[in-house]
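Visitor: I have a model open and would like to go through its packing. Can you walk me through it?
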Amino acid sequence: MTLLKVSDLRIWYPVQKGIFSRLGYVKAVDGVSFSLNERETLALVGESGSGKTTLGRATLGLIKPTAGHIIFDGKDLTKITDKKQLMEFRRKTAMIFQDPFSSLSPTFPVFRILEEPLIIHGVKSKEERVNIVYRALELVKLQPVELFAAKYPHMLSGGQRQRVAIARALILGPKYVVADEPVSMLDASVRVEILYLLRELQEKLGLAFLYITHDIATAKYFSHKIAVMYAGKIVEYGETREVLRNPIHPYTQALISTLPDPDPKNRFRMMVVIKGEPPNLMNPPSGCRFHPRCPFANEKCSTEEPFLREINEGHFVSCHYAGEVFIKETTTSAVS
Amino acid sequence: MSAPPTGLKQVFREVLRSKTGIIGVVLLLFITSLALLTPFIAPFDIAKKWNDIQWWSDNPVLAAPSWMTIIMPDKYSTTIILDEFSSTTTQQGDIRITTHTSSFRYSFRNFPSEIKLVLDADYEVQKPQIRITLSRPDGENIVIFQGLPNKGENIVNLSLDPQSQDLIVSYLFSNFGVAPSAVYPEVVLFAVKDANMNDRMKASVLRGIYRLTIDVIAFDDRTEVRPRLYVYGNAFGLFGTDAFRRDLIVGIMWGAPIALAFGTIAAVVTVLLQVIIGAAGTWFGTRSDELVQRVADFFLIIPVLPILILVNIIYGINIWALLGWVILFSLVGVSSKVARSMVLQIREEQYIEAAISYGASKKRVLFLYMLPRMLPYMFALIALSAPIYIFLEATLSFLDLGDPNIPSWGKILGDAYEEGALYLGYWWWVIFPALMIILVSLGFTLFAYSFDKVVNPRLREE
């Protein structure tokens with residue numbers, strides 16, 4: 001069942017010089033559509049500046065979109081004006097942030113951090129709040145709970161903090177959680193633990209995740225579906241296994257080829273690194289936004305804008321030559 | 001470099017680790033304990049009498065601090081008060097003659113500054129006749145007063161009373177054949193007998209036991225006279241007296257609670273208001289931000305002191321109204337700008353966004369999530385602006401625009417300035433109140449600097 005449906009979402013930031021002259025817009029998200037089912041994880045992959053975080057925040061109503069619709073649980077988020085409905089929406093959604101050092105209020109102890117959402121959402125009895133908070137701490141395996149509840153964030157390690165942040169996200173019993181690079185700032189050893197925890201929680205609580213990351217390796221591990229973003233647009237979208245096994249868009253192919261490969265047979269394979277930098281979103285390239293960096297770009301790519309089309313079943317790609325071009329991995333012979 | 005401590009407790013611990021912090025805290029503790037003890041040592045009733053000249057008349061005028069008698073015993077003396085007399089009474093028909101006698105040792109090396117006689121008299125119909133004689137150690141007996149007292153307290157300042165001066169002139173005339181046009185009883189009475197005994201510069205002090213004899217001729221039974229003699233020195237109290245005989249220690253002690261109350265209340269209220277208004281303006285939107293900041297700019301450029309002087313001249317305000325006006329002119333200001341910069345910084349932290357994502361209202365975020373973070377900075381701002389307001393109060397008092405009913409350091413300095421105290425050498429009248437202002441400001445400033453060092457990462461020592 002579809003929980004979240006985003007259609008043709010645009011988030012344009014006006015850029016102003018002085019009070020009167022408007023220079024234009026930064027098109028952070030430009031015409032994005034996707035849907036997310038209940039109990040499902042969608043990984044949003046892309047390099048920094050591709051608009052993935054902006055998109056994630058917009059689906060939580062933290063950023064007002066310029067155009068488009070976000071339909072959550074049958075209600076259009078962009079049309080919610082009623083405070084009660086908005087609070088209902090807030091209760092059903094949550095966010096886990098990238099930086100566990102900045103995502104917890106330094107002036108509150110853990111108990112208060114977790115209690116705040118409950119106070120705001122009108123859980124009147126203190127006893128009930130204590131129960132919920134302790135249960136949430138148990139859920140994220142911060143035990144003994146009484147000990148952790150009394151601590152301040154600065155007394156905790158990065159992994160423990162992120163667990164607190166996850167507990168806070170889950171405390172209102174949400175259906176949909178945006179996880180914005182939840183493990184990118186953690187130590188490699190803690191990373192796996194947190195991802196395990198997230199997956200376990202998803203199964204236990206039936207959560208839908210929007211997992212924002214630049215790391216395809218963790219996306220592969222954690223997500224059901226994957227959407228690759230480039231310069232404010234989704235360039236490829238489909239089942240994670242399918243997309244990773246059979247990447248169609250040149251950008252996706254390049255991203256996947258940069259993954260470290262543990263197979264010693266491939267030790268002389270050269271990684272394909274895409275040249276150039278992501279485009280300036282205020283003035284994106286005409287036609288296909290990837291064409292200045294694409295090794296296969298031709299006339300058509302620079303004039304005509306491609307749209308997402310279904311290449312295989314459930315596998316959408318936005319490229320004029322989808323299925324026709326493949327980045328070849330060059331192999332060097334032994335190092336001389 | 002470690003991150004700045006967030007809790008107030010940690011900040012205090014850090015502050016007490018630096019030398020400036022310790023000095024600042026010690027100074028502030030000293031002033032605060034002085035302010036707290038003042039009402040017990042010198043009740044407010046005394047402070048209220050600050051402008052009541054009569055109340056201070058027992059003190060010597062323009063006396064230096066009494067400890068100057070130890071440092072410079074040749075130049076300073078303290079006051080001698082003679083109020084215990086032994087009396088003998090003889091009845092001669094209707095007339096009753098009472099003789100009160102008492103003696104004192106005068107061992108100072110300088111002349112008294114003044115001599116005052118107080119006669120507390122009571123009678124039925126006819127005034128008693130009184131004659132007062134001073135017997136000196138060299139055997140001379142000089143009549144210093146002759147007359148009929150009124151009912152109640154009769155104050156005779158021998159140094160100024162023309163009748164008494166005439167008595168001294170006649171003594172000088174009978175002994176040396178000269179009648180000086182200006183006579184100084186306080187010198188003549190205590191000088192070694194010679195032709196120069198009326199000249200303070202040339203005469204030398206006659207030291208020894210002096211005896212005062214008061215003969216009262218009473219005409220009825222009810223008549224009673226209680227005499228008192230004040231031989232004023234020129235040193236008094238811990239901090240001396242001013243031209244109105246006021247004991248400066250009262251003014252200086254009462255200056256502390258007044259300065260502290262005014263300075264800290266003004267600083268706390270203005271900083272709190274400025275920070276809350278500035279932070280709210282920035283937090284609630286671009287337009288309100290613009291509005292608050294432009295109003296702050298306006299308030300920063302208008303000259304507050306001239307406006308306060310104007311307000312004062314028009315309304316003649318007391319200290320609490322003055323405080324109100326000061327606060328009114330500081331609703332927004334420098335601290336609003338500091339708050340703005342901090343909001344811009346804090347609002348980018350992810351816990352703020354997290355709070356919005358779980359539905360916290362903007363008001364809740366501001367008061368519960370942002371302002372507590374600014375608390376240490378607010379403390380530093382308060383400590384920095386308290387001396388500014390103490391100076392402001394002192395300035396207004398100095399200009400005679402403060403509250404006229406209570407003493408304050410600024411007012412003491414203003415009085416001293418008007419009397420030309422420094423020019424005439426009454427240094428104690430200027431130095432002590434000025435020193436108090438400096439100490440309080442220094443305490444606050446050192447404290448604020450060490451506080452700033454702790455909460456402001458840029459200033460933190462490695």
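Visitor: What does Ile166(A) touch, leaving out residues up to four places away in sequence?
Guide: Ile166(A) touches Ile96(A), Val140(A), Ile194(A), Leu197(A), Leu198(A) and Leu201(A), where contact means heavy atoms within 4.5 Å. This is a predicted model, in which local features need pLDDT of at least 70, side-chain atom pairs count only at pLDDT 80 or more, and totals for chains, interfaces and linings use all residues. Residues are numbered from 1 along each chain as its sequence is written, chains are lettered from A and ligands numbered from 1 in the order in which they are written, and side-chain values use heavy atoms, without hydrogens and water.

Visitor: How many residues does the largest nonpolar core have?
Guide: The largest nonpolar core has 152 residues, and Ile166(A) and Trp429(B) are among those with the most contacts inside it. A core here is a set of buried (under 20% relative accessible area, 1.4 Å probe, protein chains only) Ala, Val, Leu, Ile, Met, Phe, Trp, Tyr and Cys residues joined through side-chain atoms within 4.5 Å.
Guide: A second, separate core of 40 residues includes Ile80(B) and Val231(B).

Visitor: Where is the bridge partner of Ile80(B)?
Guide: In β9(B), at Val231(B). β1(B) and β9(B) pair in the antiparallel sense over 3 bridges; pairing takes at least two DSSP bridges, and a strand is a DSSP run (E) of at least two residues, numbered from the N terminus.

Visitor: And what is the strand order of the open sheet?
Guide: β1-β9-β4-β7 in chain B, with antiparallel pairing. β1 (80–82) and β7 (152–157) of chain B each have a single partner strand, so one side of each lacks a neighbour in the sheet.

Notes. Helices (H or I, at least four residues) and strands (E, at least two) are DSSP runs, numbered from the N terminus. Buried means under 20% relative accessible area, exposed over 50%, partly exposed in between (1.4 Å probe, protein chains only).
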